[in-house]
Amino acid sequence: MSSKLRIGVVGLGMGAWHAQGYQEDGRAEVVALCDLDKSRLEETACKCGVSEVFTDAEEMFRKVSLDAVSIATPNKFHAPLTIAALRRGLHVLCEKPMAMTVREAERMVAAAQQAKRNLMINFSYRFSDMSYALKQQVEAGVVGEIYFGRTVWHRRRGIPGFGGWFTRKELAGGGPLIDLGVHRLDLALWLMGYPEPVAVSGDAHNVIAKELARKQRKAFTVEDLACGIVKFANGATLMLEASWAVNINEPEHMVTLLCGTKGGLVQKNVGGGYEFTAELYTEEGGNLYTKKLDQALSPAPSAYTEFISSILEKRPPMATGDQGVKVMKILEGIYKSAETGREVRYGAR
Ligand SMILES: NC(=O)c1ccc[n+]([C@@H]2O[C@H](COP(=O)([O-])OP(=O)(O)OC[C@H]3O[C@@H](n4cnc5c(N)ncnc54)[C@H](O)[C@@H]3O)[C@@H](O)[C@H]2O)c1
């Protein structure tokens with residue numbers, strides 16, 4: 001029997017990338033796949049050379065000897081499938097958003113603690129050379145204490161699976177805030193050292209998608225744009241914006257700007273697509289400087305490599321369930337504030 005970690009993957013859209021990531025790492029092998037869609041299941045199994053295939057995840061957990069699983073289904077199933085896998089003693093890499101509510105997210109963390117297994121969330125925007133370089137600079141003290149930030153992902157027109165699960169609240173938990181905002185929020189929080197949120201205020205709109213849904217007769221029960229302001233126990237403030245359809249210049253507009261006592265940093269996309277740049281701004285000796293990452297000499301690990309390493313090294317993963325809970329607290333807070341028109345408070349500042 002091979003000494004490689006034995007991994008199963010549930011949900012084969014994004015999950016097919018998980019399977020590829022594990023196979024590329026080489027310290028794990030994908031031995032079982034699960035999807036409700038049989039044709040997708042067969043196609044992915046054939047591509048990945050996997051013979052154990054299932055349409056029921058819990059049956060897969062029961063019947064196949066596994067060390068770990070990826071959960072990459074629609075958001076509604078993240079919590080129940082993660083908890084079921086942890087209870088079977090498996091380590092779990094769960095897609096973002098971790099869950100649809102804080103309550104679900106907390107139950108997932110409790111299940112991981114009880115099972116003494118790793119629960120990692122696929123906050124994939126951390127796992128890049130740019131993000132790693134910025135984190136290294138923050139940890140080296142280059143920007144000082146971060147007291148303000150703005151983190152954004154807008155799309156001109158980019159509603160995923162219009163009318164399908166992404167645009168139904170009961171299956172997704174929300175719209176672009178929980179889908180795209182979650183990535184930019186995690187990136188900002190990670191660079192800020194995951195401070196404790198104490199108050200959240202926000203708003204949500206459904207303007208452009210509502211009209212498209214009416215014309216195309218498609219289900220759309222989430223927001224098409226949301227924004228929020230988060231205050232933290234350490235005195236910092238973060239603004240968050242996310243949309244799937246808004247009248248702007250570029251197809252995709254992503255930016256995370258963090259301002260510190262000694263310097264500032266920006267991680268943003270260039271050219272309206274998925275190419276990124278990372279810059280730092282400082283004042284030294286009465287002069288203002290801009291520093292830009294040209295090339296990382298050692299590449300950042302992928303999320304899949306980090307998940308495997310954390311299991312083999314018997315340590316917590318870099319993107320933990322606890323961090324996922326904090327992210328959910330903020331997202332849920334913004335949705336609640338949008339509904340009630342009031343600030344949501346978590347504790348004294
Ligand atoms: N980290 C990232 O960058 C990233 C990118 C894309 C999607 N995602 C996340 O991945 C998840 C899946 O998104 P997607 O784009 O692949 O969606 P998708 O609709 O393309 O794929 C989901 C798959 O899950 C299957 N499925 C649904 N319910 C299931 C169940 N109970 N058991 C087994 N299979 C089931 C569906 O048949 C489908 O094939 C979402 O949570 C999404 O937010 C993350």
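Modeller: E241 counts as buried, because its relative accessibility is 18% and buried means under 20% relative accessible area, exposed over 50% and partly exposed in between, computed with a 1.4 Å probe on protein chains only. This is a predicted model, in which local features need pLDDT of at least 70 and side-chain atom pairs count only at pLDDT 80 or more, while totals for chains, interfaces and linings use all residues. Residues are numbered from 1 along each chain as its sequence is written, and side-chain values use heavy atoms, with hydrogens and water left out.

The partner of E241 is R150, and the two form a salt bridge whose closest N and O atoms are 3.0 Å apart; the term stands for a side-chain nitrogen of Lys or Arg within 4 Å of a carboxyl oxygen of Asp or Glu. This pair links distant parts of the chain, since R150 lies in strand β7 (residues 146-155) and E241 in strand β10 (residues 237-243), 91 residues apart. Strands here are DSSP runs of E with at least two residues, helices are runs of H or I with at least four, and both are numbered from the N terminus.

Across the whole structure, a search finds 15 salt bridges. Among them, R315 pairs with E306, the closest N and O atoms being 2.9 Å apart; R315 is partly exposed at 26% relative accessibility, whereas E306 is buried at 5%. Another joins E343 to R345, with the closest N and O atoms 2.6 Å apart, and E343 is partly exposed, with a relative accessible area of 35%. There is also a network of salt bridges that links E196, K326 and K329.

R6, in strand β1 (residues 5-10), gives a contrasting case, for R6 is buried yet has no salt bridge, and the nearest side chain of opposite charge, E29, is 4.5 Å away. In counting charge, Lys and Arg are positive and Asp and Glu negative, while His and the chain ends are not counted. The side chain of R6 does, however, reach the backbone oxygen of S65 at 2.7 Å.

One more charged residue deserves a look for its backbone: K314 has a positive phi of about 50 degrees although it is not a glycine. K314 sits in the loop between α10 and α11 (321-340), and with a relative accessible area of 76% this residue is exposed.

The axes of α10 (residues 303-312) and α1 (residues 14-25) come within 8 Å and cross at roughly 60 degrees, where axes are lines fitted to C-alpha atoms, for helices over the stretch in contact, and angles run from 0 to 180 degrees between N-to-C directions. These two helices are therefore oblique to each other, because angles under 35 degrees count as roughly parallel, over 145 as roughly antiparallel, 65 to 115 as roughly perpendicular and the rest as oblique. For α8 and α11, the axes come within 10 Å and cross at roughly 130 degrees, so this pair is oblique as well.

Key
Polar contact = N/O pair within 3.5 Å; in protein donor to acceptor, adjacent residues only side chain to side chain.
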